[in-house]
Amino acid sequence: MSTTSAGTNWAGNVTYRARTLHHPTTTDEVRRIVTGARRVRALGSRHSFTPIADSEQLISLDGLPGEISVDATAGEVTVPAGTTYAELAAALAPRRLALPNLASLPHISVAGAVATGTHGSGTRLGSLGTAVRGLELVTGDGELHQVRRGEPDFDGLVVGLGALGIVTAVTLAVMPSYEVAQRVYTDLPWDVVLGQFDELMASGDSVSVFHRAGERTEQLWVKRLQPGEPYPDELYGARAALVARNPVPGADAANATEQLGVAGPWSERLPHFRSGFTPSSGEEIQSELLVGREHAAAAIEAMLGLGALITPLLFVAELRTIAADDLWLSPMYGRDTLGLHFTWHRQPDAVAHAVAALEQALAPFAARPHWGKVTEMDAAALAPLYPRWDDFLALRERLDPRDVFVNDWLIEHVLGRD
């Protein structure tokens with residue numbers, strides 16, 4: 001089945017220009033569509049804030065065949081590419097299995113999240129792509145390939161930006177299920193963030209500092225895996241919240257996952273937002289810059305120096321850490337990372353100006369943008385930030401010699417063509 005309009009992304013800030021949206025129900029259909037197309041891309045759960053997924057034709061991932069298949073002996077699960085993390089968590093629950101990590105939103109598709117380098121928060125927790133053990137994808141010649149971790153070029157395929165093929169299935173590592181408890185604290189002083197950053201981020205397995213670049217932070221979210229001791233009433237000068245909070249100031253706490261130190265399943269605590277509710281703010285724009293963790297204090301100070309510019313445009317901003325990985329185009333490639341995330345009001349021109357100012361301020365720290373969020377950096381600016389950039393370009397040429405997966409976004413931010 002095909003339709004003539006792809007509509008918009010979930011936040012409403014991108015209208016897809018594709019003339020045709022395909023809904024294939026077999027892998028052979030995907031192969032035929034790719035073979036017959038001049039330009040085509042995959043469309044996941046629409047949670048990117050840029051036209052990264054747009055093309056003349058789009059292939060929706062939500063109708064791809066296959067069931068969620070668990071191999072408990074191997075410690076793996078294989079899912080159709082359009083499966084959301086919420087759907088996957090529900091399928092793993094009866095088997096008492098879990099994933100090592102989740103992002104803030106369980107609403108996102110597995111393939112789309114992995115392809116854009118999406119992550120959660122946690123000093124020892126890697127990006128979602130680090131759980132990938134295998135990929136099935138249709139390349140530019142219409143051939144179906146199955147690749148496994150350890151094979152040549154696998155580390156280049158995971159964060160593929162949709163430029164290497166249409167991913168049809170993903171295999172992920174799983175582990176025994178576990179519980180998580182989270183507690184929210186308020187009024188954390190900035191001098192603690194700047195002066196005791198490592199200790200602060202070690203206060204839980206997943207830690208997020210929410211702020212609006214003001215005089216004090218807004219909220220400190222601390223999540224602990226397999227919690228034992230109760231949370232203290234005060235942490236680094238911040239006071240424990242007595243009622244549930246939403247990370248976005250003024251938003252309904254019912255949309256957020258359960259807090260107050262009450263332990264529960266991993267999938268209902270690691271995300272900030274419940275799967276059955278509106279994620280984040282809704283009509284918004286997001287950006288994120290990621291720097292080496294050793295630059296945390298200096299990068300945060302540089303960001304705070306732009307407070308007068310960015311605060312009026314913010315719903316909320318977040319600081320979080322992510323472990324290094326070896327995925328070629330992952331923003332966490334080769335370095336333990338601090339992510340500076342921004343959720344903006346939907347004012348595109350003003351936000352573009354603020355994002356450009358942030359990118360300039362954080363350039364001395366080799367800041368890399370999140371691939372699914374807005375950036376003003378082009379291919380010339382991005383290429384020096386990734387040691388395996390040329391290897392990725394060569395891999396893309398080999399897997400897509402017809403340029404069937406090339407779009408305007410890829411040309412501007414990766415290929416650098418005129």
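1. The model is a predicted one, in which local features need pLDDT of at least 70 and side-chain atom pairs count only at pLDDT 80 or more, whereas totals for chains, interfaces and linings use all residues. Residues are numbered from 1 along each chain as its sequence is written, and side-chain values use heavy atoms, with hydrogens and water left out.

2. Five strands make up an open sheet in the order β5-β6-β10-β8-β9, with antiparallel pairing. Strands here are DSSP runs of E with at least two residues, helices are runs of H or I with at least four, and both are numbered from the N terminus; two strands pair if DSSP finds at least two bridges between them. The edges are formed by β5 (69-71) and β9, each of which pairs on one side only. On average, and with direction ignored, neighbouring strands of this sheet are turned by 15° against each other; axes are lines fitted to C-alpha atoms, for helices over the stretch in contact, and angles run from 0 to 180 degrees between N-to-C directions.

3. Within this sheet, β8 (residues 132-138) and β9 (residues 144-148) run antiparallel and are joined by five bridges, with Glu 136 having Gln 146 in β9 as its bridge partner. The hairpin of these two strands has five residues between them, and Gly 142 takes a positive phi near 85° there. Helix α1 (residues 27-36) lies across β8, β9 and β10 (166-173), and its direction is at about 55° to β8.

4. Helix α2 (residues 85-92) has Tyr 85, Leu 88, Ala 89 and Leu 92 as buried residues, where buried means under 20% relative accessible area, exposed over 50% and partly exposed in between, for a 1.4 Å probe and protein chains only. Seen down the axis of α2, these buried residues fall within an arc of 100°, so they line one face of the helix; the arc is that of the directions from the helix axis to the C-beta atoms. Their cover includes β5, β6 (76-80), β7 (97-98), α3 (110-115) and β10, contact being heavy atoms within 4.5 Å.

5. Which residues form one aromatic cluster with Trp 409? The cluster consists of Trp 371, Tyr 386, Trp 389 and Trp 409. Rings of Phe, Tyr and Trp (its six-membered ring) pair if their centres lie within 6.5 Å, and planes under 30 degrees apart count as stacked, over 60 as edge-to-face and the rest as tilted. Trp 371 and Trp 409 form an edge-to-face pair, 6.0 Å centre to centre with 75° between the planes, and this pair links distant parts of the chain, since Trp 371 is in the loop between β21 (368-369) and α10 while Trp 409 is in helix α12, 38 residues apart. Tyr 386 and Trp 389 form a tilted pair, 5.8 Å centre to centre with 40° between the planes.

6. Both Trp 371 and Trp 409 are buried; Tyr 386 is buried as well, at a relative accessible area of 2%, and Trp 389 is buried at 4%. The charged end of Arg 368 sits over the ring of Tyr 386, 4.8 Å from its centre, a description that applies if NZ of Lys or CZ of Arg is within 6 Å of the ring centre and within 35 degrees of the ring normal.

7. Strand β12 (residues 179-186) is mostly covered, with seven of its eight residues buried. Seven bridges join β12 to the antiparallel strand β14 (residues 219-225), in which Lys 223 is the bridge partner of Gln 182. β12 also pairs in the antiparallel sense with β16 (residues 238-240) over two bridges, where Tyr 185 stands opposite Ala 240.
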